[in-house]
Amino acid sequence: MAEYDEKQYDEKTYGDAWADIYDDALLGWSGPERIVDFLHKLHGHGRALDLGVGTGRVAIPLAARGVPVVGVDTSAAMLDRVRGKLAGEPVELVEADFGGYAPGEKFSLIYCVGQSFLQLQTPQAQRDCLNFLKPAVDLLAGPIVEVGLGNGRTYDHLRDLFPGRDIYVFERKVAAHPDCIPPDDRLFLGEARESIPRAGRQLGAVAALIHTDLGTGDHAANVAMGQWLGPALDALAAKGGWILANQPLAVARWQRQPEPPGVPKDRYFLYKVG
Ligand SMILES: C[S@@+](CC[C@H](N)C(=O)[O-])C[C@H]1O[C@@H](n2cnc3c(N)ncnc32)[C@H](O)[C@@H]1O
């Protein structure tokens with residue numbers, strides 16, 4: 001197993017480190033037959049997309065049963081393992097980060113097994129973006145806005161980055177770690193669609209930095225939400241301030257900025273308020 005430096009851990013690290021021993025390490029586990037059976041039943045016409053194909057543990061037997069598979073993985077070492085095992089099964093391999101992968105076709109089945117989603121480095125990208133923004137935000141007056149408290153991890157990071165600064169937080173219902181709950185007078189509870197405009201009326205366009213992490217895995221719902229979320233946040237955003245969003249938001253006076261160094265394209269969306 002290859003050595004790796006924890007600080008350099010990225011989307012490729014797991015696969016590159018495990019490629020040589022992955023299949024052996026799983027020898028004691030039950031085989032993928034039940035997964036393959038299940039996927040085979042779900043499959044319709046067209047190709048299947050395997051996100052985090054690894055060594056092809058699932059993709060190869062599924063393809064052997066007549067389902068053409070496109071297998072995506074960040075790790076070239078993992079993809080080499082698949083190539084070495086293929087015996088004519090219809091598996092096409094793509095070396096890409098599935099976090100930002102935009103295939104040019106529709107699939108009849110998309111699956112992600114073996115907990116590969118847990119390896120998405122989105123929290124790291126978020127931290128990298130916030131750390132990158134700190135010097136610019138330090139130059140501005142005005143509070144920070146955090147939309148979606150969740151488990152409070154980002155709020156905690158913001159407190160560390162900007163000590164002594166007001167941080168207003170929006171959350172439908174608080175379920176964060178007890179140490180990461182903002183004071184009552186900095187917390188806007190309830191539906192964001194109602195609470196953000198309310199805060200806009202109360203605070204005005206003052207925020208130096210707005211971070212929003214509201215979206216879900218439902219792309220259509222995110223697009224619909226973006227229609228009201230952008231304008232609602234704009235009412236809180238100070239001129240010259242910064243917006244960091246987990247989804248694209250179209251607001252006329254915001255200019256999209258390039259991703260900070262090391263942050264994969266379209267993982268996060270950074271805007272400067274004009
Ligand atoms: C635990 S293995 C699972 C492999 C396979 N799905 C299985 O069930 O045996 C996770 C795989 O996901 C890949 N992976 C992790 N993050 C990824 C990302 N952001 N984009 C593409 N592949 C990724 C790793 O390289 C690794 O091959």
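1. Strands (E, at least two residues) and helices (H or I, at least four) are DSSP runs, numbered from the N terminus. Within this pair, Ala245 stands opposite Phe269 in E11.

2. The model is predicted: local features need pLDDT of at least 70, side-chain atom pairs count only at pLDDT 80 or more, and totals for chains, interfaces and linings use all residues. Residue numbers start from 1 along each chain, as its sequence is written.

3. For overall extent, the C-alpha trace of the protein chain spans about 65 × 40 × 35 Å along its principal axes. The protein chain has nine helices and 11 strands. Of its 274 residues, 34% count as buried. A residue is buried if 20 or more other C-beta atoms lie within 10 Å of its own, exposed if 12 or fewer, and partly exposed in between, with C-beta atoms placed from the backbone. Of the contacts in the protein chain with a separation of 6 or more, 60% are between residues 24 or more positions apart. Two residues are in contact if their C-beta atoms, placed from the backbone, lie within 7 Å.

4. E9 and E11 belong to an open sheet of seven strands, in the order E7-E6-E5-E8-E9-E11-E10, with mixed pairing. Two strands pair if DSSP finds at least two bridges between them. At the edges are strand E7 (187-189) and strand E10 (254-257), each of which pairs on one side only. Neighbouring strands of this sheet are turned by 20° against each other on average, direction ignored.

5. On its other pairing, E9 meets strand E8 (residues 207-212) in the parallel sense, over five bridges. Ala207 stands opposite Ala237 in E9, and Thr212 stands opposite Ala245. Helix H6 (residues 122-138) packs on the sheet, touching E8, E9 and strand E11 (269-273), and its direction makes about 170° with that of E9. Such axes are lines fitted to C-alpha atoms, for helices over the stretch in contact, and angles run from 0 to 180 degrees between N-to-C directions.

6. The largest nonpolar core has 36 residues, and those touching the most other members are Ala207, Ile210, Leu233, Leu236, Ile243 and Leu244. Its largest share, five residues, comes from strand E9 (residues 237-245). A nonpolar core is a set of buried Ala, Val, Leu, Ile, Met, Phe, Trp, Tyr and Cys residues joined through C-beta atoms within 7 Å. Not counting residues up to four places away in sequence, Ile210 touches Val145, Val147, Leu233, Leu236, Ala237 and Ile243. Another core, of 25 residues, lies apart from it, with Leu39, Ala48, Ala63 and Leu93 among its members.

7. The other sheet to note is open, has four strands in the order E3-E2-E1-E4, and is parallel in its pairing. Strand E3 (91-95) and strand E4 (109-111) are at the edges with a single partner strand each, so one side of each is left without a neighbour in the sheet. The twist averages 15° from one strand to the next. Strand E1 (residues 48-51) is joined to E4 by three bridges, and the two run parallel. Asp50 has Tyr111 as its bridge partner in E4.

8. Helix H5 (residues 76-85) packs on this four-strand sheet. H5 touches strand E2 (69-73) and E3, and its direction makes about 165° with that of E3. Leu79 is placed in helix H5 and is buried, with 22 other C-beta atoms within 10 Å. Leaving aside neighbours within four places in sequence, Leu79 is in contact with Asp73, Leu93 and Glu95. Leu79 and Gly52 are 27 residues apart in sequence, and their C-alpha atoms are 9.8 Å apart in space.

9. Helix H8 (residues 192-203) has 12 residues and reaches 15 Å from its first C-alpha to its last, close to the 16 Å expected at 1.5 Å a residue. The expected span is 1.5 Å times one less than the number of residues. Its buried residues are Ala192, Ile196 and Ala199. They cover an arc of only 60° around the axis, which puts them on the same side of H8; the arc is that of the directions from the helix axis to the C-beta atoms. The face turned away from the buried side of H8 carries the exposed residues Arg193, Glu194, Arg201 and Gln202. Just after H8, Gly204 takes a positive phi of about 80°.
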